[in-house]
Each structure stands twice: as C-alpha cells, then as structure tokens.
Amino acid sequence: MSLLAKIAEIESEMARTQKNKATAHHLGLLKARLAKLRRELITPKGGSGGGTGEGFDVAKTGDARIGFVGFPSVGKSTLLSNLAGVYSEVAAYEFTTLTTVPGVIRYKGAKIQLLDLPGIIEGAKDGKGRGRQVIAVARTCNLILIVLDVLKPLGHKKLIEHELEGFGIRLNKKPPNIGFKKKDKGGINFTATPCYLSILFQCAQSELDADTVKSILAEYKIHNADITLRGDCTADDLIDVVEGNRVYIPCIYVLNKIDQISIEELDIIYKVPHCVPISAHHRWNFDDLLEKIWDYLQLVRIALVWGISVKHNPQKVGKDHVLDDEDVIQLVKK
C-alpha cells in the first residue's frame, strides 16, 4: 500500500471516529501514525525530500522574509508588483507564476524580502503539483501572507491552512508548553504541572492522560522519557513536540479585490482576526497592510553608533556589536 493510501485510510478512520473522552486514546494513536506517514512523505528515505528544486531556491536577504501564499490567480503577483515594483508575470488565468519570484521593500529602515510563491493547489502537502516545493520555501519565511480572493468563499482559507499544517507549519500559534526529554532508562515519567489559576490542583487534561501519552510515545519507539504538561494539552501538541520539526510563523490574511464588494461586506471582513482587506490593483489600504506587516514581524531597530568601533559615523549596528570606550550610541525604538 502506498503512503498516500495509508494516509487516506487513517484520515478516513479518524473522520468516522466520534470524538469524546472514550475515543481520545485511539485518536491520539491515529494522529501519531498520520504524523509519521506525513513526515515520510515529505522527506522520503534516500530522496531529496522537501528540496526546493529549480526556480525555488532563493537566497535569503535583508532583515526579514515574507512569503505570499495562496491559490492561483488571487492577486499575489499584482500585490508584489505594486508593493516592490517587481514584475511577476500577471494574468487573469490560473497557474501563471511557476517559480519563486523575489522582491524587496524598505519600510521604517528595514529591508524586507518578498517572495511571490507559485499558487498552491489542494493536495500540495501530498506532493501534488509543485506544492511541496512551495511550502518548503514558506517554512523559511518570517511571516506568511495568505492572499485570498474576497469574492470566493473563505473556505479557501481553511484549505490553505490545512495544506500548511500538513507540512508542519503552525500559523499564529506558539509552541506547545510541553517539556519533553528522552532518557536511557526509568520508563515514562508523566507530570501535569499546577495551573496558574491554582497551585492546589493539577491542570485538568481534557484529552491526554498517562496511558494516551505512553501509547503515542510508543508509536515513536520511545519508552523512556520525562513528559511535563503545562496547561491543557492535546495529542496534536504532544506529537508536534515529539516530531520536533514544526515551525511557528505569524500569518496575515490578505483579502484582495475589495473594489468588487460593498461597504457593508467590507465592514464584516474587518472583523476577521489577523486580516487586512486590500485592492492590489488599485493599491488600496497598502498603508494598513505595511503597518500590520511591521507589527507581526516584530522587528526592532537597535542602534546607531558614533566612535572608533565603527567604520562610518554614524553606523547602524546589531545587538552583537562590541562598543569601544567613549563610543556614542543612539537607541531607536520606533
């Protein structure tokens, strides 16, 4: 049976299984097996795995890298062209951009690299089209812009999130607060630390118990480890920690083509979390988009230095710069 067939079989069984406390143990095992198969699919033994391939290997430059991700013909290329003045082949039909197209903008003194990635299709995480290469590049970004066509259902948002999740990308999330340490002997030591609301009681675990944790670890052939759950954790959280290859990336949802909707519809869109509505063609609301990009990148302009420790006066330096006696430093916050 092929990897894709095994994955489909497990996904089908998970869909048929009712989710409750009695089935949590079984579902945890299925999720662990699914994660292992997906890892094998992404990085097959003896192969190049999730390698970027021709046209996708773009050198990282500047202070940050942003990836434009979305289905074909949602306006990624137009957005890049109008933001950075870079021509990415633009057309009103699908599958125009076939390779990664880089551009650069300067904002508040920072040099930010923009990557227009080829349009994602459903099944990208399973190797369809060039989806694997596209998402591999997305993993290297400091921020992801998911560009959506405002005229099409926001179901596209869920489909793209599902594809990125399948490739180990976690959007707008923090790493699970789980302590995991392998050891040579001693079995599985399972601990749930006290909740911050009370030092008298352990955190109530709605999904994980000692048996479920041991079963998931056994799936990875781990029989000796210390596990500490800090908060109500899920089987997915534990699997992410054990896999150890997840990336946690901030994400902004860019809803394009707002010139084709009503003011009432625009008011509703503004309430969507992590969202910025724009018109790439008319360059509407670019100021809000750039400001949100700056906030999500969390860049800090550190310092200007005058003195003998720098070649130019003043010179912008980073946190690792070594100052000399009597150097003058200016800290810039905004």
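## Helix α6 and the basis of the model

Helix α6 is followed by K221, whose phi is positive, near 60°. Within helix α6, which covers residues 210–219, the buried residues (buried meaning under 20% relative accessible area, with a 1.4 Å probe and protein chains only) are T212, V213, S215, I216, L217 and E219. Helices here are DSSP runs of H or I with at least four residues, while strands are runs of E with at least two, and both are numbered from the N terminus.

This is a predicted model, in which local features need pLDDT of at least 70 and side-chain atom pairs count only at pLDDT 80 or more, whereas totals for chains, interfaces and linings use all residues. Residues are numbered from 1 along each chain as its sequence is written, and side-chain values use heavy atoms, with hydrogens and water left out.

## The six-stranded sheet

Six strands form an open sheet with mixed pairing, in the order β2-β3-β1-β4-β10-β11, where two strands count as paired if DSSP finds at least two bridges between them. Because β2 (101–107) and β11 (275–277) stand at the edges and have a single partner strand each, one side of each is left without a neighbour in the sheet. From one strand to the next, the twist averages 25°.

Helix α5, residues 155–166, packs on this sheet and touches β1 (64–69), β4 (143–149) and β10 (251–256), contact meaning heavy atoms within 4.5 Å. The direction of α5 makes about 145° with that of β4, where axes are lines fitted to C-alpha atoms, for helices over the stretch in contact, and angles run from 0 to 180 degrees between N-to-C directions.

## Helix α9

The twelve residues of helix α9 (residues 286–297) should span 16 Å at 1.5 Å a residue, and this agrees with its end C-alpha atoms, which are 16 Å apart; the expected span is 1.5 Å times one less than the number of residues. Buried in α9 are F286, L289, L290, I293, W294, Y296 and L297. After α9 comes Q298, whose phi is positive, near 55°.

## Strand β12 and its partners

Strand β12 (residues 303–306) has a covered face, made up of A303 and V305, and an uncovered one, made up of L304 and W306. An antiparallel pairing over three bridges links β12 to β13 (residues 315–317), and four bridges join β12 to β14 (residues 328–331), again running antiparallel. L304 has K316 as its bridge partner in β13 and Q330 as its bridge partner in β14.

How values were computed
Buried < 20%, exposed > 50% of the residue type's maximum accessible area, 1.4 Å probe, protein only.
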